[in-house]
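Visitor: Could you walk me through this one? I would like to start with the helices and then move on to other things.

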Amino acid sequence: MQTATALEVDNLTVGYNGQPVLSGVNLSVPVGAKVAIVGPNGAGKSTLFKGLVGLLPARTGRVLVHGRPVAQALDNVAYVPQREEVDWSFPVTALDVVLMGRYGRLGWLRRPSRQDRALARGLLDELGLGDLAGKPIGDLSGGQQQRLFLARALAQEPALLLMDEPFAAVDEPTQNAILDILTQLTQRRTTVLISTHDLELAFEQFDHLLLINHRVVAFGPPQTALNPRTLADTFGAPSFSLSEGRLLSLTNKCCPPIPENKPAHGGRQHG
Amino acid sequence: MPLGYAFMQRGLLASLVVGIVCAIIGCYVVLRGMAFLGDALAHAVLPGVAVAYLWRVNLLVGALVAAVAVALGIGLFSRGGRLREDTAIGILFAAALALGVALMSTIKTYSTDLTHILFGNVLGVSESDLLLTAGLGLAVLAIVLLLYKELLLVFFDPVLAATTGLPVDVLRSLLLILLALTIVVSLQTVGAGLVAALLVTPAATAQLLTRRLPSMMLLAAGIGAFSALAGLYLSFYVDVASGAAVVLVCTLVFLVAFLFAPGRGLAWERLGRRPQGGSKRWTTEH
């Protein structure tokens with residue numbers, strides 16, 4: 001039971017218009033793992049997510065979620081794409097959006113019940129959006145929008161949660177709120193995969209790292225996955241050091257070093 | 001009292017149905033930027049009408065077949081990103097219109113019939129026309145209501161729709177077919193030339209005044225119905241073409257909303273007094 005596999009990927013190749021972006025991905029993610037996917041721009045992080053949920057067809061290989069082909073396991077998978085992929089001027093409220101997370105479980109023709117509404121409101125409260133339930137989504141700030149989409153993903157009650165760049169351009173409180181929720185989820189044996197540009201965050205806050213650069217470079221606990229060779233294979237020239245298990249400096253191409261004198265609020269935003 | 005005439009009663013009922021159905025389907029048209037598609041489909045019915053005329057079958061049936069064929073053709077041409085959708089629309093729209101005009105020009109009574117199809121003939125609505133209009137209109141409304149949740153998801157967030165296993169392409173095609181049906185139903189009241197206004201204007205007006213899709217749809221329907229009534233009365237008393245009168249009333253309502261919509265109207269903007277959070281929908285950062 002401890003070694004049960006949440007996500008099994010066999011020789012997966014995905015890409016656009018005949019060009020493979022990611023090739024030969026093999027992966028076995030244990031139940032309850034908290035995985036950060038890291039790689040330079042264009043390495044295939046978003047492509048991997050789209051391949052995992054079937055938005056891009058697999059040219060080779062297959063994806064199993066809790067032992068079932070992903071197409072038959074979509075009820076158990078929640079995928080949160082990057083924020084830019086949504087039309088924020090659409091006339092729906094925050095509560096409407098969270099309720100959409102229930103649609104998959106409702107099936108055709110059925111309306112959300114009182115329980116569905118109660119669950120959605122509870123999730124909005126949990127993410128500090130309770131007062132905004134009736135607001136149009138266009139009125140929400142970037143951080144609030146990201147939390148809203150996490151609330152919707154949670155409304156899907158997934159066994160596997162995939163989030164593409166949840167920490168991009170969000171404020172510190174939002175980042176911490178998301179990290180807290182992810183930790184709670186994995187404690188309840190939900191499996192979580194997120195992508196991020198922030199290697200330091202990935203190293204410190206996640207129990208597994210997946211380094212990709214058009215292929216899987218390394219996968220495992222941060223201490224074993226990260227070493228000078230895997231870093232070089234992922235990001236090019238090795239430009240930071242590991243010492244006694246601590247990531248010391250980080251000046252790789254994808255993420256410029258954090259300016260020292262940035263106002264507190266900027267904290268960890270880049271990318 | 002114009003309602004004393006049976007033809008006026010029929011015309012009024014048909015206009016009401018058309019005003020409401022167009023406005024509700026129009027909400028999807030406006031939200032997804034499909035105004036061009038609506039106009040294209042309206043003109044694409046012409047060859048169908050001409051063929052139906054030549055073969056002596058019901059003109060509405062011919063129109064419906066042509067509109068559905070063009071709607072599905074656009075989907076086929078633009079699938080998989082081979083052509084941009086507006087390019088596919090431009091090609092098929094002009095081709096269908098040309099084919100329609102070519103076929104029509106072989107008919108002797110060509111000019112009156114063409115005028116009726118282009119601009120409507122609301123006072124010529126027969127009892128069977130009215131039944132057909134009402135039946136199709138109700139069918140369209142029923143489907144939109146029953147599949148509200150599914151259509152909302154497909155149009156707001158196709159990614160979530162696809163990852164919850166909804167047949168996104170089927171639902172999109174379904175909406176195109178509903179749009180084609182709506183247009184065909186509207187031919188007799190406002191005609192192919194003006195139906196785009198009934199699709200777009202009430203929905204766009206309602207969008208300025210509401211913040212949720214259900215209230216947008218209700219208000220659009222109200223505006224559509226009001227414009228149909230007011231336009232028809234106006235055409236009776238002032239003696240102008242009825243389809244044009246309906247569209248002009250719609251446009252007037254839109255202009256009022258555009259100027260004075262609370263928080264979002266042009267006048268409001270001039271006053272520089274926007275309610276908190278009023279219109280910062282395009283800002284992305286916190």
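**Helices of chain B, then chain A**

Guide: Helix H9 of chain B (residues 168-186) has 19 residues and reaches 27 Å from its first C-alpha to its last, close to the 27 Å expected at 1.5 Å a residue, where the expected span is 1.5 Å times one less than the number of residues. Helices (H or I, at least four residues) and strands (E, at least two) are DSSP runs, numbered from the N terminus. This is a predicted model, in which local features need pLDDT of at least 70 and side-chain atom pairs count only at pLDDT 80 or more, while totals for chains, interfaces and linings use all residues. Residues are numbered from 1 along each chain as its sequence is written, and chains are lettered from A and ligands numbered from 1 in the order in which they are written.

Visitor: Which residues of H9(B) are buried?

Guide: Among them are Leu175(B), Leu176(B), Leu178(B), Leu179(B) and Ile183(B). A residue is buried if 20 or more other C-beta atoms lie within 10 Å of its own, exposed if 12 or fewer, and partly exposed in between, with C-beta atoms placed from the backbone.

Visitor: And what do the buried residues of H9(B) pack against?

Guide: They pack against helix H1 (6-31), H2, helix H3 (59-78), helix H6 (127-146), helix H7 (148-156) and H10 of chain B. Contact here means that the C-beta atoms of two residues, placed from the backbone, lie within 7 Å.

Visitor: Tell me about H10(B), then. How many of its residues are buried?

Guide: In H10(B), 13 of the 15 residues are buried, so this helix is largely enclosed by the rest of the structure. Helix H10(B) covers residues 195-209 and reaches 22 Å from its first C-alpha to its last, close to the 21 Å expected.

Visitor: At what angle do H10(B) and H12(B) pack?

Guide: H10(B) and helix H12(B), residues 242-260, pack at about 20 degrees with their axes 9 Å apart; the axes are lines fitted to C-alpha atoms, for helices over the stretch in contact, and angles run from 0 to 180 degrees between N-to-C directions. The two helices are therefore roughly parallel to each other, given that angles under 35 degrees count as roughly parallel, over 145 as roughly antiparallel, 65 to 115 as roughly perpendicular and the rest as oblique. Their crossing is left-handed, a term for a near helix turned anticlockwise from the far one by less than a right angle, with right-handed used if clockwise.

Visitor: Which residues of H10(B) and H12(B) meet?

Guide: From H10(B) they include Leu198(B), Thr201(B) and Leu208(B), and from H12(B) they include Val247(B), Phe254(B) and Phe258(B). By class, this contact has 12 nonpolar, 3 polar and no charged residues, with Ala, Val, Leu, Ile, Met, Phe, Trp, Tyr, Cys and Pro counted as nonpolar, Asp, Glu, Lys and Arg as charged, and the others, Gly among them, as polar.

Visitor: What about H2(B) and H4(B), how far apart are their axes?

Guide: The axes of H2(B), residues 35-55, and H4(B), residues 85-104, are 8 Å apart, and the helices pack at an angle of about 30 degrees. H2(B) and H4(B) are therefore roughly parallel to each other, and their crossing is left-handed. The contact of H2(B) with H4(B) has 17 nonpolar, 2 polar and 1 charged residues.

Visitor: Switching to chain A, how many helices and strands does it have?

Guide: Chain A comes to 8 helices and 12 strands, and buried residues make up 44% of its 271 residues. Among contacts in chain A between residues at least 6 apart in sequence, 65% join residues at least 24 apart.

Visitor: Where is Glu157(A), and is it buried or partly exposed?

Guide: Glu157(A) lies in the loop between H4 and strand S7 (160-163) of chain A, and is partly exposed, with 15 other C-beta atoms within 10 Å. Its phi is positive, about 45 degrees, although Glu157(A) is not a glycine. Most residues other than glycine have a negative phi. Glu165(A) also has a positive phi, near 50 degrees, and sits in the loop between S7 and helix H5 (172-187) of chain A, but Glu165(A) is buried, with 23 other C-beta atoms within 10 Å.

Visitor: Last topic: how many residues does each chain bring to the contact?

Guide: Chain A gives 29 residues and chain B gives 25 residues. H2(A) gives the most to the side of chain A that touches chain B, with 3 residues, and that side divides into 17 nonpolar, 7 polar and 5 charged residues.
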